[in-house]
Amino acid sequence: MSATGKPFTIDKWLVYRAYKEVKTNAGSAGVDQESLEDFETDLKGKLYKIWNRMSSGSYFPAPVKAVAIPKKNGGERILGVPTVMDRVAQMVVKQMIEPALEAKFLPDSYGYRPGRSALDAIGVTRKRCWEYDWVLEFDIKGLFDNIDHTLLLRALKKHVQCAWALLYIGRWLTAPLQLVDGTRVERTRGTPQGGVVSPVLANLFMHYAFDVWITRTWPNTPWCRYADDGLVHCRNEQEALAVQAALNARLAQCGLELHPGKTKIVYCKDGQRKGRYPNTQFDFLGYTFRSRLVKNRKRNSMFVNFTPAVSKSALNSMRQTTRKLNYRNRSNLSLADIARLYNPILRGWLGYYGRYSPSAMYPVLRHFNLTLVAWAMKKFKRLRGHKIRASRFLKKVAKQCPYLFVHWQRGMVGDFA
């Protein structure tokens, strides 16, 4: 019994810091329809209620709200959205268990980890594709939906000594999923994709299901994993086939399976590697890795290299975002207004997809420039029906105000016609 007379000792400041983190991450309301703004109308009372219930052992989560979001390749993915109170409580537990688990995770696991990013994974993958001729690209089918609770709790108990953290994780794992029509679905497997603590739990599960296993079983095959997407670099096709067969068996032991449509063996063909093979490119974290003609800056010459650039699906997604924002028809806005609203989006795209082979971003930048041309033709009477004149007008603006848009600042003005 703690000094407060409660069975569990939980620092109130831990609850407050958890709330601040949840606020930063934003998010929609759960099954109780309470938004962050609603939660903050009685912030002190709500945070005290969370602390009091968690400290006394009487905290029980609400059902998780099921939200369907479209997948890039068609179909839908179900996210489980907890209430704001549950997100704060999960953040309390996440902050409690993450340091101990982080100390155990391996360097080549990149997803949902502090101090690691998708771009780090892209960088190390690029380097290894130069060193190894073959790569096994794999995707785990429905990872978050199929995590075995018994195996996960066994792993948690091995590394987490905090009794109340284990208690509440157990309750979150079995909290029902509430569908749009109000129907509640009991859950015996998985951890809701959308829950605050779920990424840490998924990483722990995959730490034993894949990371430790591949390192022990195939010590000379470098690998990289970002959540449920992964790569294993191999010396030859036979080794890649053997790794794939072994991985299939290993995942089956853990209640998981490879996604048949997203798992393949790829030959990393470049100017030196010869031969014809069915798969000579792969997509990973929004980048397409394939042979490209690149410049050798030291020798001022061109050569064929196996390297990443923004994928076609990512380009399509970015263009679709521009269309949805509909700036071409918002003639009430000034060019400065559009820059203020759109620059954060452009900055994010260029910061991520422009890291490697930035010239591949040209179709997106040109599409946006053409959107500005359409906007100018609606905005100014003298330009209506005169696309060439509108293009010249914007070229002049880009020359006079090169810092107006992010890509203009970087010298990537592009085409207006």
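I take buried to mean under 20% relative accessible area, exposed to mean over 50%, and partly exposed to be what lies in between. The model is predicted.

**Salt bridges**

I looked up the total: the structure holds 11 salt bridges. I went through three of them, including the pair R128 and D108.

I started with R128 and D108, whose closest N and O atoms are 3.1 Å apart. I placed R128 in helix α5, residues 118–131. I found D108 in the loop between α4 (84–102) and α5. The two are 20 residues apart, and the pair links distant parts of the chain.

I then looked up D211 and R225, whose side chains meet in a salt bridge at 2.8 Å, N to O. I noted a relative accessible area of 1% for D211, which is buried. For R225 I noted 0%, and R225 is buried as well.

I took D337 and R340 as the last pair. Their closest N and O atoms are 3.7 Å apart in the salt bridge. Where do D337 and R340 lie? I found both in helix α12, residues 335–353, three residues apart, which is about one turn of the helix. D337 has 23% relative accessibility and counts as partly exposed. R340 has a relative accessible area of 55%, so it is exposed, the cut-off being over 50%.

**Sheet**

I moved on to the sheet containing β10. In which order do its three strands come? I read β9-β10-β11, an open sheet with antiparallel pairing. The edge strands are β9 (282–284) and β11 (301–310), and each pairs on one side only.

How many bridges join β10 to β11? I found 10, with β10 spanning residues 287–296 and the two strands running antiparallel. I checked V294 for its bridge partner in β11 and found F303.

Conventions
Residues numbered from 1 in each chain as written. Predicted model: local features only at pLDDT ≥ 70, side-chain atom pairs only at ≥ 80, totals over all residues. Heavy atoms only, no water. Pairing = 2+ DSSP bridges. Helix = DSSP H or I, 4+ residues; strand = E, 2+ residues; numbered from the N terminus. Salt bridge = Lys/Arg side-chain N within 4 Å of Asp/Glu carboxyl O. Buried < 20%, exposed > 50% of the residue type's maximum accessible area, 1.4 Å probe, protein only.
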